[in-house]
Amino acid sequence: MKPAQFDYLAPDSLDEAVAVLAERGPESRVLAGGQSLLIELRYRTSRPALLVDLNRVPGLSEIVLSDNSVHLGALVRHAQLERAPFDDPLADLFRQVAPYVGHPPIRARGTFAGSLAWAHPAAEWCALAMATGAEIELRGPAGRRAVPADAWFRGAFATACGPDELVTGVRLPRPPAGSRVAFAEHRRTHASFALAAAMVVLRLTGGRVGWVRIGLVNAADVPLRAVEAERVLTGELPSPELLAEAAARAAAEADPADEPHAPAAYRRHALGVLVRRCLARAVGDGTHDPAGDS
Amino acid sequence: MNVELTVNGEAHSLDVEPRTSLADALRDELGLTGTTLGCEHGVCGSCTVLVGGTAVRSCLMLAVQAQGEEVRTVEGLADGDRPHPLQEAFAAEHALQCGFCTPGFLMLLAGALAADPELGGDERRLDALLASNLCRCTGYAGIRRAAQRVARSDRSADSKDMRAPHIQA
Ligand SMILES: Cc1cc2nc3c(=O)[nH]c(=O)nc-3n(C[C@H](O)[C@H](O)[C@H](O)COP(=O)(O)OP(=O)(O)OC[C@H]3O[C@@H](n4cnc5c(N)ncnc54)[C@H](O)[C@@H]3O)c2cc1C
Ligand code: FES
Ligand code: FES
């Protein structure tokens, strides 16, 4: 179907975008990469009176590295993260995960922040934001605020973003130096959304798990961080038994729903397997084996 | 709403509704029906065109968003009567049957090979790229061979000829 009619504004400054939303927020939608919103408009599940296109606002496409964090502007595209231009565990994770987000033409336009604003339960970036403790930065009529990822996701396609607010960027804390990362995804076809996926950021200290974060994709209506599995691991020697126990714990923390191609029990099982694979990879030599990802 | 854009090297000024996709503007306003529409949901890739040298889904971009952009469609690939090397390779390798998906594959490959000429020699990356688009006829093997054929001739002596000057990255 073709979208219903709407007005279109492409402000060339953030101030202007904020002002437009202050006035017409509830009847508007913010347009970033358009790789989800334009589909929704075609289904007419949403019929905004106005689209506020951020693509002419300068300065939103930058990846800024500081000592403790990485800042992604609201227009940083998936493709930029696929070639993340810095050397860091977080960059490794971006580079491993990005190839699973749609296809190259989708990644050329879709944005990281747009993915967080969209909040699809199967979105890889949402789980990455949860696992790493990202903060979503907003601007609205009341000024600026930052919302931690665990308060951001309110349900499937639901976030803490107000109708008159927009996401200006996302700040992600850098994991401890020397952390290793792993990502594994199970999907029906190369082009499908994740049926389930897991990611691990882990640092060994003196042979023990000193620090670990585990993110789960499509494990519930919101992205999850498997905190109990992290607790099982922290301070321990990463024996195969321990990794299996942690993986089982992560699977128990998940709350998957039945899907046509994957009953809840199957997805829970798949999540456990994926977490175990990620853990094994992260405590091993840390290299990614894309051939073994499904 | 007015939008000014360049399509295949030619400047155009169009008057479109904001809801008009770039694909619909190309087809209905400019008569460039080489760009086909399958799913209109970003999935099939038949509508793939180059915007600023990068392959994108023209069904998932508004025409008004192409303001000031350089768009290239399959109609702009050939150099007059001389087909583009990718078009020749598609014919030689039987990379098409019904041809519905072909413009999308050609533009996907034109953009990717211009940005990264090494791609054709890397089977895994090439396959990952080709998985962007759907073809219901060929089984993809011919399409992959066509891409590899262009990459090979690129590296051979007459590469200057094959590196089409009209694909601007
Ligand atoms: C064929 C296909 C396959 C895909 N596969 C995957 C996949 O495997 N995994 C995956 O995670 N995603 C996938 N996607 C979705 C893709 O990643 C989208 O890019 C992403 O979900 C949304 O980002 P966007 O920048 O395109 O946002 P848009 O489509 O522009 O916007 C999406 C929503 O977020 C809001 N929004 C966007 N930016 C802001 C902002 N700065 N402030 C406030 N609100 C904002 C919009 O108003 C809208 O509600 C796929 C898409 C397609 C078409
Ligand atoms: S028509 Fe655009 S991707 Fe199918
Ligand atoms: S040739 Fe018929 S769909 Fe590809």
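Predicted model: local features only at pLDDT ≥ 70, side-chain atom pairs only at ≥ 80, totals over all residues.
## Ground rules

Buried means under 20% relative accessible area, exposed means over 50%, and partly exposed is in between (1.4 Å probe, protein chains only).

Residues are numbered from 1 along each chain as its sequence is written, chains are lettered from A and ligands numbered from 1 in the order in which they are written, and side-chain values use heavy atoms, with hydrogens and water left out.

## Where the two chains meet

Let's start with the interface. Taking contact as heavy atoms within 4.5 Å, 28 residues of chain B touch 28 residues of chain A. Buried area is the accessible area (1.4 Å probe) that two parts lose on being put together, summed over both. For chain B and chain A that comes to about 2300 Å², with 58% of it on carbon and sulfur atoms. On the chain B side, B:Arg19, B:Leu60 and B:Gln65 lose the most area to chain A, together 29% of what that side buries.

Now for the polar side of things. A polar contact is a pair of N or O atoms within 3.5 Å; within protein, one must be able to donate a hydrogen and the other to accept it, and residues adjacent in sequence count only if both atoms are side-chain atoms. Ten residue pairs across the interface pass that rule, both partners being at pLDDT 80 or more. Helices (H or I, at least four residues) and strands (E, at least two) are DSSP runs, numbered from the N terminus. Strand 4 (54–57) and helix 4 (123–130) of chain B each supply at least two residues of the side that touches chain A, and strand 4 gives the most, with four residues.

B:Glu40 sits in the loop between helix 1 (22–29) and strand 3 (48–51) of chain B, and it counts as buried because its relative accessibility is 16%. Leaving aside residues up to four places away in sequence, B:Glu40 touches A:Lys2, A:Arg42 and B:Cys59. Its side chain makes a polar contact of 2.7 Å with that of A:Lys2.

A salt bridge is a side-chain nitrogen of Lys or Arg within 4 Å of a carboxyl oxygen of Asp or Glu. B:Glu40 forms one with A:Arg42, the closest N and O atoms being 3.0 Å apart. A:Arg42 lies in helix 2 (residues 37–43) of chain A and B:Glu40 in a loop of chain B, so the pair joins two chains. Both residues are buried. A:Lys2 also meets B:Asp24 in a salt bridge (2.8 Å, N to O). Chain B and chain A share three salt bridges.

## Salt bridges within chain B

Over all chains, the search turns up 23 salt bridges. Among them is the pair B:Asp79 and B:Arg82, at 3.7 Å, N to O. B:Asp79 is partly exposed at 40%, and B:Arg82 is partly exposed at 41%.

Back to B:Arg125: its salt bridge partner is B:Asp116, with the closest N and O atoms 2.1 Å apart. B:Asp116 counts as partly exposed at 22% relative accessibility. Salt bridges that share partners also join A:Lys2, A:Arg42, B:Asp24 and B:Glu40 into one network.
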